[in-house]
Amino acid sequence: MSAQVHILGPQFSTFVRSVCLACEEKGISYRYGLKPGGEEIEFKGPSHLALHPFGKIPALLHDEHVIFETTAICRYLDAAFPGPALQPEDPVERAYVDEWSAALSCYVDQALVRNYLLEFAFPKGEDGSIRMDKVAEHQPAVIDMLGLLEHQLAGKPFICGEQYSMADTILTPMLDYLSGLPHADELLAATPELKAWTERMQARDSGKQVLISRS
């Protein structure tokens, strides 16, 4: 059976993984990668910019529709396909999911992924070494951000309350990568609820399908 949607971007991307998690939770069949039509799309080339005007990933291709930006993609998937809801019905609770999805995609991603995790994934030091001075520079902000997330959880099973939501799909890949660092226990020492939440997200059926390395 052919996939219902194509997710433009590499599987290792945190935001691509977020969309994959949303598809897994909804029961939507999907493909991913930079070859939606069989021919590779040049990153930031004309064909890429035609799908995402800012040259970022992911973008979602569904029939003749193209949706970009992770939060918009997740909202679209939730509205366009049957399956468990990724947003609450209550308008106030839905607004909380929206605000946290936006905050995670912006502030949390910047602190945990752009400023920190990418230094381990794609080192820019001499001879490809990790710039430990940059790690040390940004680690306090990482620990502060983890403390904020611990406060947000505050005894709840999911990041925005009692219901698994698109906010969980956005945060999960970030914390999954962070928990794989050699010094993860040090980073998460003061945030036991966040550590337990990460382990629960990894253990979900969606996590087992998405949070793995693929060539």
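Two strands count as paired if DSSP finds at least two bridges between them. Keep that in mind as you open this predicted model and begin with the sheet.

**First stop: β1 and β2.** Select residues 5-8, strand β1, together with residues 30-33, strand β2. Four bridges join β1 to β2, and the two run parallel.

**Next: the hairpin.** Move on to β3 (residues 59-62) and β4 (residues 65-68), an antiparallel pair that is also joined by four bridges. Here Ala59 stands opposite Phe68 in β4. Two residues lie between the strands of this hairpin, and Asp63 takes a positive phi near 55 degrees.

Colour the four strands and read off the order β2-β1-β3-β4, an open sheet with mixed pairing. β2 and β4 are at the edges with a single partner strand each, so one side of each has no neighbour in the sheet. From one strand to the next, the twist averages 20 degrees.

Select α1, residues 14-26, and α3, residues 70-80. α1 lies across β1, β2 and β3, at about 160 degrees to β1. α3 lies across β1, β3 and β4, at about 130 degrees to β4.

**Last stop: where the helices meet.** How do α1 and α3 pack? Their axes are 10 Å apart, at an angle of about 10 degrees, which makes α1 roughly parallel to α3. Show the side chains in this contact, including Phe15, Val19 and Cys23 from α1 and Ile73, Cys74 and Leu77 from α3. The residues of the contact divide into seven nonpolar, two polar and two charged.

Conventions:
Residues are numbered from 1 along each chain as its sequence is written. This is a predicted model: local features need pLDDT of at least 70, side-chain atom pairs count only at pLDDT 80 or more; totals for chains, interfaces and linings use all residues. Side-chain values use heavy atoms; hydrogens and water are left out. Axes are lines fitted to C-alpha atoms, for helices over the stretch in contact, and angles run from 0 to 180 degrees between N-to-C directions. Angles under 35 degrees count as roughly parallel, over 145 as roughly antiparallel, 65 to 115 as roughly perpendicular and the rest as oblique. Contact means heavy atoms within 4.5 Å. Ala, Val, Leu, Ile, Met, Phe, Trp, Tyr, Cys and Pro count as nonpolar, Asp, Glu, Lys and Arg as charged, and the others, Gly among them, as polar.
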